[in-house]
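Please open the model in your viewer and keep the selection tool at hand.

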Amino acid sequence: VAVLFSSMLGFAQNTLSMNDVTLAPGESAQVSVNLTNATPYTAFQFDMTLPEGITVEGATLNTARATNHILKTGTVNGKYRVLAYSYNAETNEGNTPLTGTEGAIVNLTLKAGASVAEGAKIVIDAGSADQDGGQVFVEADGTTNYEMAEVAAAVTVSDGVPVTITNGVTTLVSDKDLDFSNAAVKAYIATGYDMSTGDIWLTRVKDVPANTPILVMGTKSSTPYLIPFGTSRIYYPENFLKGNATTAAPVDHSGKYLNMGLKKGEFTGMASSVTECAAGKCYLQIPTPIASATGDALAFTMGKNGTKSYTGKYDLDFTDVEGLKAYTVTGYDKDGTVWLTRVMKVSTQTPLLLMGTANKEYSVPSTAQQSCYINMLRGDANNSMSVSKTEGEWTNLVMKSGEYVGASAELAAGSSYLPIPTSFITASTRGEGAKGLNLVEAEVISIKAIIGGDDDATGISRIASEAGNDTWYNLKGQRIDTPTRKGLYIKNGKKVVVK
């Protein structure tokens with residue numbers, strides 16, 4: 001009786017379990033099958049029933065527990081079977097027990113299809129000596145345990161991508177359109193770089209098309225942020241962040257670029273031994289050298305509509321020019337929004353949109369710059385341009401009476417125009433020719449691509465204007481209403497100590 005009771009107690013202490021899993025449509029995730037065992041098992045088998053829309057992409061043994069085992073998988077009677085046994089071909093020996101008494105024995109990579117039924121579960125059949133299947137665990141002497149109970153794991157279908165934030169910032173390239181409009185974190189593309197100071201200019205984006213490399217900033221959290229899927233309607237030109245959602249991205253060390261990777265919240269130079277960036281991540285790639293030329297100041301009178309398209313021969317500094325703003329274009333929305341990124345210092349041959357007071361005279365100094373920008377605007381400082389209304393897949397917009405309109409035009413040297421994908425112009429909202437576009441200033445910040453200084457813990461160096469408003473930021477780059485504690489903060493691009 002004592003022997004029988006001991007045997008029953010041993011079985012009672014042997015249990016199989018499985019983690020619940022959350023997947024996004026078309027995405028993969030890993031689920032672990034765990035074994036807690038008082039009995040030293042050398043082989044095992046179990047059958048799984050998968051819900052419709054879920055497939056197994058791969059299976060691996062946990063080598064920390066299965067040190068000398070062979071794994072076999074396949075479909076038997078419509079169920080997914082996992083079989084593992086111990087055998088060493090070199091020594092012709094087998095029956096090595098599993099190591100330890102708890103933890104994962106098999107890790108499965110699952111993939112969700114376009115749709116998975118609500119309340120779906122993955123079920124591992126209970127063991128039974130009377131059926132071909134279920135759970136079977138074998139000891140070294142051949143003793144077999146068929147007594148384990150059915151195991152079920154819940155499948156939750158996510159409607160977004162989980163993002164883990166470390167050091168206040170992470171990089172991301174998703175193969176799905178994402179919507180950051182109401183997310184607890186912010187997304188940015190890299191749209192500018194100042195070679196002389198190391199400032200990286202970031203433009204905030206809320207509607208992010210698939211395969212767009214971005215920086216995501218927020219509060220460090222052990223729980224991932226869930227970013228909802230979206231249906232992108234925005235066009236962004238390639239930004240200075242480079243990466244690929246599904247494959248590793250090569251890093252070009254030919255000398256044509258300055259390559260920087262994100263490490264502990266800061267961008268630092270990448271060693272030549274780093275030849276690729278992992279899938280789903282991105283790095284910063286800046287073209288070098290950057291052209292520079294100085295000359296006479298830009299002197300002009302703004303027209304009656306307060307706007308001017310411009311491409312300059314010389315480097316310019318708009319920082320202290322009161323009442324005049326210079327913009328590049330970093331995005332276009334199908335609803336007719338043109339996203340403008342304000343720039344202060346520009347190098348020669350940078351196409352711009354200037355906005356100021358109608359009929360006012362301005363003088364912009366020419367000072368040496370080493371800055372480059374991602375920009376949808378096109379222009380030529382030295383030559384006139386013959387612009388057609390359409391060119392291939394593009395519609396060209398020119399500035400007339402303070403508005404961008406689709407039209408053919410002869411533009412004088414020093415002008416600029418805006419090409420956008422024709423597919424993004426919708427007749428229902430803008431009409432043919434894309435009249436009545438909305439010019440909207442995007443939110444911009446900057447981070448430092450160096451190590452050291454007061455802010456070396458986060459890499460945040462200074463914050464640029466956010467649509468012209470007075471704003472406070474902490475040293476993690478997070479916007480706050482007003483400081484509530486003592487410390488160092490950023491207000492309007494300047495460090496402020498709150499006592």
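In which loop is the place of N211? Select N211, and you will find it in the loop between strand 19 (207–208) and strand 20 (214–217), where strands are DSSP runs of E with at least two residues, numbered from the N terminus. This is a predicted model, in which local features need pLDDT of at least 70 and side-chain atom pairs count only at pLDDT 80 or more, while totals for chains, interfaces and linings use all residues. Residues are numbered from 1 along each chain as its sequence is written, and side-chain values use heavy atoms, with hydrogens and water left out.

Although N211 is not a glycine, its phi is positive, at about 65°. Most residues other than glycine have a negative phi, and most peptide bonds are trans. N211 is partly exposed, with a relative accessible area of 43% (buried means under 20%, exposed over 50% and partly exposed in between, with a 1.4 Å probe and protein chains only).

Next, select N77, which lies in the loop between strand 6 (69–76) and strand 7 (79–88). N77 is not a glycine either, yet it has a positive phi of about 55°, and N77 is exposed, with a relative accessible area of 66%.

Then select T288 and P289, which are joined by a cis peptide bond with omega of about 0°. P289 has its place in the loop between strand 28 (282–287) and strand 29 (298–301).

Finally, select S415, which is found in strand 44 (residues 415–421) and counts as buried at 13% relative accessibility. A polar atom of the S415 side chain lies 3.1 Å from the backbone oxygen of A412.

Key: Helices (H or I, at least four residues) and strands (E, at least two) are DSSP runs, numbered from the N terminus. A polar contact is a pair of N or O atoms within 3.5 Å; within protein, one must be able to donate a hydrogen and the other to accept it, and residues adjacent in sequence count only if both atoms are side-chain atoms.
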